[in-house]
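Let's take a friendly walk through this model together. Have the sequence and the structure open side by side as you read.

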Amino acid sequence: MIDQRALPSRFEVIVLSTPAAVAGAIRDMVVRGAPAIGVSAAFGIALAAFQSKAVDLDSLRQELRQAGVLLNAARPTAVNLSWAVARMLALAGEPADSVDALRDKLSKAAQSMADADIATNRRMAAFGAELIDDGDTIIHHCNTGALATVDWGTALGAIRTAHESGKKIHVLVDETRPRLQGMRLTAWELSQYGISYEIISDNSAGYFLRSGKVQKVFFGADRVAANGDVVNKVGTYMLALAAWTSHVPVYSVFPISTVDLSLANGDLIQIEERGADEVLDIQVHGQVAAPIGAKARNPAFDITPHQYLTALVTDAGIIQPPFFDNLSKAVL
Ligand code: MRU
């Protein structure tokens, strides 16, 4: 897979051959983005099957379940990860003729999940592109492009589809502190696609939204609760609030696999808290910015209550409020 930590300076591809290596890559954000980590975890289960020395189906299934525990623990917030692991383990539990037949089935299932992700993204991108007008300036948060998925992307995929249909679009790219997925990855992707962009500091989004020069806000989602509350990269909530008070429409774009109907609202979603070093490791004028010994907090995601979202864009179509009713209809 592409080592996303090296971008945009270097394009490096690394090879992972064990489920532990895949779990490590997810944890260290070699690969990140909800759909991308889901499909990576599916391949992690397939790798576990091929690595296993088990000679009978029961022992193989036991090892696959252990790999599932390892992969699920890598990052807690994006539901796509546990969704993909659960799907692979359910397949593993079905009757099989032999250990080799099960290995083969799991590798095909992981590949078809990867292929399906691209088709899903293309579909939701087409729906999302309908909401984008020629001449729009759009604020985009985090990275939701080809890198965050298997290919094409969710929110950035919609922008890309609109661009390819000939609409002239300008993207204000939130830098997305502290990991800078916007500045490093989204800006890199936009430059590959020839889409006009400028990077903005996250805390200037409110200024631009009030200026009347931004027509839309687009971002993805890592988990969506039954009522339509969206958990996404930290900073999304403040962006949505500022957009809402400035009467700028706010769209979250995600596959149906990101919806978790088992949770009534976003406050029930586990928010990953990452190390303080990600916040503190910043240099200004060649010097570490924070005082020696400074402490920091680093929630990786936040919760945007559904009332601040104009519509939800999914592979099943554009979902309008009331989200509680319309989301459950789209999922079932
Ligand atoms: O911590 P990350 O980089 O994995 O977070 C990614 C996001 O929050 C994306 O916006 C989200 O996964 C949706 S994009 C497909």
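**Helices, pockets and cavities**

Helix 5 is the largest contributor to the lining of the second largest pocket, giving five residues. Keep in mind as you look that this is a predicted model. The second largest pocket holds about 260 Å³ of space. It is lined by 16 residues, and those closest to its centre are Trp83, Arg87, Ala116, Thr120 and Ser257. Helix 2, helix 4 (79–93) and helix 5 are the elements that each give two or more residues to this lining. Sorted by class, the lining has eight nonpolar, five polar and three charged residues.

Helix 2 and helix 5 also meet each other directly, so let's turn to their packing. Helix 2 covers residues 34–51 and helix 5 covers residues 99–130; their axes lie 8 Å apart, at an angle of about 165°. An angle over 145 degrees counts as roughly antiparallel, and the two helices are therefore roughly antiparallel to each other. The crossing of helix 2 past helix 5 is left-handed. On the helix 2 side, the contact is made by Pro35, Val39, Ala42, Phe43, Ile45, Ala46, Ala49 and Phe50, while helix 5 brings Arg103, Asp104, Leu106, Ser107, Ala110, Gln111, Met113, Ala114 and Asp117. Together these contact residues comprise 12 nonpolar, two polar and three charged.

Next, follow helix 2 to the largest pocket, where helix 2 gives the most to the lining, with six residues. About 420 Å³ of space lies in this pocket. Of its 19 lining residues, Met1, Ile2, Val31, Ser40 and Phe43 are the closest to the centre. Phe43 is also one of the residues through which helix 2 contacts helix 5. The lining of the largest pocket has 15 nonpolar and four polar residues, and no charged ones.

The largest cavity contains about 170 Å³ of space, and among its 21 lining residues Arg32, Gly33, Ala34, Asn143 and Asp222 are the closest to its centre.

Conventions. Residues are numbered from 1 along each chain as its sequence is written. This is a predicted model: local features need pLDDT of at least 70, side-chain atom pairs count only at pLDDT 80 or more; totals for chains, interfaces and linings use all residues. Side-chain values use heavy atoms; hydrogens and water are left out. Axes are lines fitted to C-alpha atoms, for helices over the stretch in contact, and angles run from 0 to 180 degrees between N-to-C directions. Helices (H or I, at least four residues) and strands (E, at least two) are DSSP runs, numbered from the N terminus. Angles under 35 degrees count as roughly parallel, over 145 as roughly antiparallel, 65 to 115 as roughly perpendicular and the rest as oblique. A crossing is left-handed if the near helix is turned anticlockwise from the far one by less than a right angle, and right-handed if clockwise. Contact means heavy atoms within 4.5 Å. Ala, Val, Leu, Ile, Met, Phe, Trp, Tyr, Cys and Pro count as nonpolar, Asp, Glu, Lys and Arg as charged, and the others, Gly among them, as polar. On a 1 Å grid over the protein atoms alone, a cavity is a set of points where a 1.4 Å probe fits but cannot get out, and a pocket is an open set with protein on both sides within 12 Å along at least five of seven lines; lining residues have an atom within 4 Å of a point. Grid points are joined across faces, edges and corners, and a volume is the space filled by probe spheres set on the points.
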